[in-house]
Amino acid sequence: MIFFWRKTPEKLLTKHSPETVHWLACTVSTIQYLDMLPNVQLEAKGPTETLKTCWGRKGKEGRWDIWEGSEHKAGSQLVVSEKSFAPFFLYAHLSFKTLLESLQKNALQSAGGVTTPELTQEGKALQWLQATMKVLISAVESCQKDSTKLLQASFFIGEKEKGSAPLFRAQVFSLDISAAFDVDGTLGVVIFDDKNRGARSAQTPALEARFRALKPPVLDEFIRLANAVMQTCEQRYR
């Protein structure tokens with residue numbers, strides 16, 4: 001028997017266009033979702049309401065839930081297969097794409113003239129960032145090969161308030177990253193490295209820099225990180 005009334009993830013998610021998302025908050029295995037681990041929680045603020053989804057697995061068992069605003073719309077227990085959570089990951093990827101493209105547009109806007117000393121400082125900061133991201137992304141990708149390693153990460157991307165400057169915020173392993181555009185188009189980046197001593201243990205930033213000329217390659221590093229986290233996360237649900 002086919003139940004045409006059944007609320008499937010596809011039907012519910014298609015009501016919320018990723019192209020109209022104002023902000024996205026995503027956490028990977030950093031919340032308590034029943035007894036499911038790994039798990040993902042994703043919140044996306046649309047024009048009228050916030051969509052919230054949770055999905056996770058425990059061995060061969062899995063579950064997903066969807067809320068619109070504060071109202072629980074649907075949820076289901078299931079036997080995990082490669083296609084079980086495909087609609088959720090597709091929605092996550094499309095929402096990330098929308099918001100990262102918005103950040104890219106800001107990165108391409110001119111922030112005024114840059115002096116030679118400023119460009120030199122930006123270059124040094126970019127080199128540090130690239131070297132650090134290379135190590136971090138390698139650590140993230142290693143979780144694909146070793147199932148005993150648990151990937152934990154969180155992201156916030158978008159406008160905290162409608163019309164405000166877009167923000168990129170991420171916590172992946174020991175790194176705490178904040179990047180935001182000022183009203184003049186400058187991209188400010190602050191990174192703390194907690195060095196596995198616990199979240200928010202570092203008191204002094206490992207990097208604090210302002211970018212005016214080299215905004216696009218800086219943002220490229222954050223895009224690579226976001227993609228690596230989501231691809232590695234998705235691998236655990238296959």
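Q: Is C143 buried or exposed?
A: This is a predicted model, in which local features need pLDDT of at least 70, side-chain atom pairs count only at pLDDT 80 or more, and totals for chains, interfaces and linings use all residues. Residues are numbered from 1 along each chain as its sequence is written, and side-chain values use heavy atoms, leaving out hydrogens and water. Relative accessible area sets the classes: under 20% is buried, over 50% is exposed, and anything in between is partly exposed (1.4 Å probe, protein chains only). C143 has a relative accessibility of 1%, so C143 counts as buried.

Q: How many disulfides does a search of the whole structure find?
A: A disulfide is a covalent bond between the sulfur atoms of two cysteines. The test applied here is a pair of cysteine sulfur atoms within 2.5 Å. Run over the whole structure, the search gives a count of zero.

Q: Which cysteine has the sulfur nearest to that of C143?
A: C143 is in no disulfide. The nearest cysteine sulfur is 10 Å away and belongs to C233.

Q: In what order do the strands of the open sheet follow one another?
A: Strands here are DSSP runs of E with at least two residues, and helices are runs of H or I with at least four, numbered from the N terminus. Two strands pair if DSSP finds at least two bridges between them. The open sheet has 10 strands with antiparallel pairing, in the order β5-β4-β3-β2-β1-β6-β7-β8-β9-β10.

Q: Which are the edge strands?
A: Each edge strand pairs on one side only. They are β5 (71-79) and β10 (207-211).

Q: What angle does helix α2 make with β6?
A: Helix α2 (residues 86-108) packs on the sheet, and the strands it touches include β1, β2, β3 and β4. Contact means heavy atoms within 4.5 Å. Angles run from 0 to 180 degrees between N-to-C directions, with axes fitted as lines to C-alpha atoms, for helices over the stretch in contact. Between the directions of α2 and β6 (153-158), the angle is about 55°.

Q: Which residues meet the side chain of R63 in polar contacts of 2.9 Å and 3.2 Å?
A: R63 lies in strand β4 and is buried, with a relative accessible area of 17%. A polar contact is a pair of N or O atoms within 3.5 Å; within protein, one must be able to donate a hydrogen and the other to accept it, and residues adjacent in sequence count only if both atoms are side-chain atoms. The partner at 2.9 Å is D65, and the partner at 3.2 Å is Q77.

Q: How many salt bridges are there?
A: A salt bridge needs a side-chain nitrogen of Lys or Arg within 4 Å of a carboxyl oxygen of Asp or Glu. By that rule, the count is 11.

Q: What is the N to O distance in the salt bridge of D176 and R169?
A: D176 is buried, at 6% relative accessibility, whereas R169 is partly exposed, at 22%. Their side chains meet with an N to O distance of 2.2 Å.

Q: Which residues are linked with E71 in a network of salt bridges?
A: E71 pairs with K73, the closest N and O atoms being 3.5 Å apart. E71 is partly exposed at 47%, whereas K73 is buried at 18%. The network joins E71 to K15, E68 and K73.

Q: How far apart in space are W23 and K60, C-alpha to C-alpha?
A: W23 is found in strand β1 (residues 23-28) and is buried at 17%. Among the residues W23 touches are L99, F156 and I157. W23 and K60 are 37 residues apart in sequence, and their C-alpha distance in space is 32 Å.

Note on methods: Lists of a residue's contacts leave out its neighbours within four places in sequence.
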